[in-house]
Amino acid sequence: MDPLIIQKFAVFQKQSAIGSVVLFFQSLRKNSFNFIYLLFPAIKGNVKISIFLFLGFIILIALFAYIKYYYFKYRFDFEKSAFIVHKGFLEKTNLSIPFEKIQQININQNLIHKLFNLYEIQMDTAGSSSTEVDIKAVSKSAANDFKVIAEEIKKLSLSATHSEPLSKTEASFEINLKTLIKTGLTTRYFETLSLIVGGLFLGLQLLDDYELSFASDLTDIAKKADYSYGLITCLVLGVIATVLLTNLITTVIKFYKYKARRSSKNLEIKYGLIKTKSVLLSPQKVQQFKTTQNWFQKLLNILDIKINQASSEVSSTIDVRSNVKVPGCTLAQKQVLFDFIYGKAVGEEIILKPNLRKFIINFMFFSLLPSTGLLLVHLNIDFFKGHYWRLLVLSFLIVTLYAAWRFYKNSALFISKNFIRSQSGFWDVTTTHVEHYKIQSAIISQPIWYKNSDLGDLLIFTAGGQIRVRTYNYTALKLILNNVLYNVETSKRKWM
Amino acid sequence: MGTAFENNKILAQDLPNYEAVATTVLDKKHYWVVLISTFIVFSIISLGLMLCFYFFNFSKSMPYKQAAAIAYFSFWGLYVVYSWIAFKRKSYCYRTHDVIYNFGVFHKTTVLIPFNRIQHIALHQGLFSRKFGLASLQFYTAGGSTTDISIPGMPLEIAKSFKEIISDKIEK
């Protein structure tokens, strides 16, 4: 690299002086909505006050912009290979990012920048969704220097990526139309139902807003209708049919011709009827491996898989492409995929179950409490006096009680030498696999009222989501944490 | 504990225990910073309420004036007591390979971050902490913002040296 650049950036740099103007315009734009409040006195007849407030506000924004500009300094520490930022007036922040952790340096120019021939520099590191460093305005020459340094840093991180041994399994599979139909008919009941109900209410609201008589006609019909058991059965069957049909159609359209092909170290996955989507699955980037199966799917011997990868793409927006979904694959296909990603089996496991209190608490808050509320409504409000309401409350209680019990029974934590696996859900049972060394950090906590019963919670973070287990044996959780930490801290493998 | 936990093949029992280490409590001066910030928030809210009472004549229409005043001030009194307990519960420890941070009044919580998973570190110094010569260290991992903990109330020199030491330990 040019020694001049090294020399230049070794000392603290400020943004371009005109940069304060850019900062001013940007915060003006950000605050543009707040100017509406300043119009209030003018509406009340006090135009003078409005103008004063307006001027005061603009001066304040200009002052803040200048302070922000004045106290923002950055430099490259080439000796320690880190990028350093000092910023802040009241609260001072002193940030250093190692070169190896800088995933991307973006050089942008928007309209205001173009006016002054300036550039914006943004730096991203892995994982978090926000931009770590945002240098709002630098001159063209500085932007060019950043380009040179970015190239250098890229070389550095490329040499740092360490190649994993190739797994030898031949991983290629397809998912045929028949399986897609099976998946469509057996999954996502609750999501679709809530979507349909939400859409229905939204539609009715819209019709109501435009004062179409159609909507009030509908409500009239709904009010006048004779709610015989036959009609209710018809309605329920209609809803079920709509949900199933919607699921079937969306699943087939979304995942039509699902194909996974091995290409060197990665798996290329393509699917879609109208728009073909393609995703790349690379084992090194996988953070979580989730399988979901409900009772129907269990009967049909299929399951859904979702794989969360850490994205090295631009992280300013949530990168949906980094997640891989496999609808309705067989157990054998799951095994192929698992072997391809991890190259090893889960192995012998210790199983941990939550305490019965988990069930009792869930039952009290999500079943007993709402049921009592519904019963009180029945006893106190005339409109809900009908016997059907009592029936509704009873069936609600039974269904939620059963759900809380299933939820408790399905919850479990599995530990093996290399994996940690958590299972949960009352209808769709999801199992999340995480390899120990992919863990980023952990939070363990104990509510003080659980001290005597030795219960607590554990939260484990990866770059692709978290695992949370609650109301487990605290001593066991602590032992697990000690082991997991040891494995993370002694591991030499790259987590992505 | 069940017999499953004596299974040494999967879980080793003799590893370093994060609970066994002696942790450092926050610098006493940090509680002054907490008190001053609380007092400023209290003043702003009280001033706002006073202005409301003055301009809108709330006092005429409001029942139970004395009770409301007592409730208002005892809330702040309780808050000060709560913040004292919260302050006492906060402690940290830097081990060879990770940082430990304890906090929580009703949920006793421990956050553990291995050094080789840290992305970068920031040193913050607020207006009042600066007057007391204190700083806070924030650790960023790829695990998301929930675990990007910030450990407050460290003497500036110590915070600086920890930042240097840990920066060197970040996985390259």
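Predicted model: local features only at pLDDT ≥ 70, side-chain atom pairs only at ≥ 80, totals over all residues.
## Across the interface

Let's start where the chains meet: there are two salt bridges between chain A and chain B. One of them joins the side chains of Glu19(B) and Lys478(A), at 3.0 Å from N to O.

Which elements give two or more residues to the side of chain A that touches chain B? They are β4 (92-98), β15 (350-352), β19, β20 and α16 (474-490) of chain A. Of these, α16(A) gives the most, with 13 residues. Sorted by class, this side of chain A has 28 nonpolar, 16 polar and 13 charged residues.

In terms of contacts, 57 residues of chain A meet 51 residues of chain B. The area buried between the two chains is about 5,100 Å², and carbon and sulfur atoms give 56% of that. Lys101(A), Ile350(A) and Glu489(A) supply 12% of the area that chain A buries against chain B, more than any other three residues.

Now for Leu123(B), which sits in strand β5 (residues 118-125) of chain B.

Leaving aside neighbours within four places in sequence, Leu123(B) touches residues of chain A, namely Lys92(A), Thr93(A) and Asn94(A), and residues of chain B, including Ala135(B), Leu137(B) and Ala159(B). Leu156(B) is also one of its contacts; the C-alpha atoms of Leu123(B) and Leu156(B) are 9.2 Å apart, although 33 residues separate them along the chain.

## Two loop residues with positive phi

Two spots in chain A are worth a look if you check backbone angles. Ser81(A) has a phi near 40 degrees, a positive value in a residue other than glycine. You'll find Ser81(A) in the loop between β2 (73-77) and β3 (82-87) of chain A, and it counts as buried at 17% relative accessibility.

Asp454(A) also isn't glycine and has a positive phi, near 55 degrees. Its loop runs between β19 (439-447) and β20 (455-462) of chain A. At 25% relative accessibility, Asp454(A) counts as partly exposed.

## Cysteines

How many disulfides are there over all chains? The count comes to zero. As for individual cysteines, Cys234(A) is exposed, at 57% relative accessible area, whereas Cys93(B) is buried, at 10%.

Note on methods:
Residues numbered from 1 in each chain as written. Chains lettered and ligands numbered in written order. Heavy atoms only, no water. Disulfide = S-S within 2.5 Å. Buried < 20%, exposed > 50% of the residue type's maximum accessible area, 1.4 Å probe, protein only. Helix = DSSP H or I, 4+ residues; strand = E, 2+ residues; numbered from the N terminus. Contact = heavy atoms within 4.5 Å. Buried area = accessible area lost by both parts, 1.4 Å probe. Salt bridge = Lys/Arg side-chain N within 4 Å of Asp/Glu carboxyl O. Nonpolar A, V, L, I, M, F, W, Y, C, P; charged D, E, K, R; others polar.
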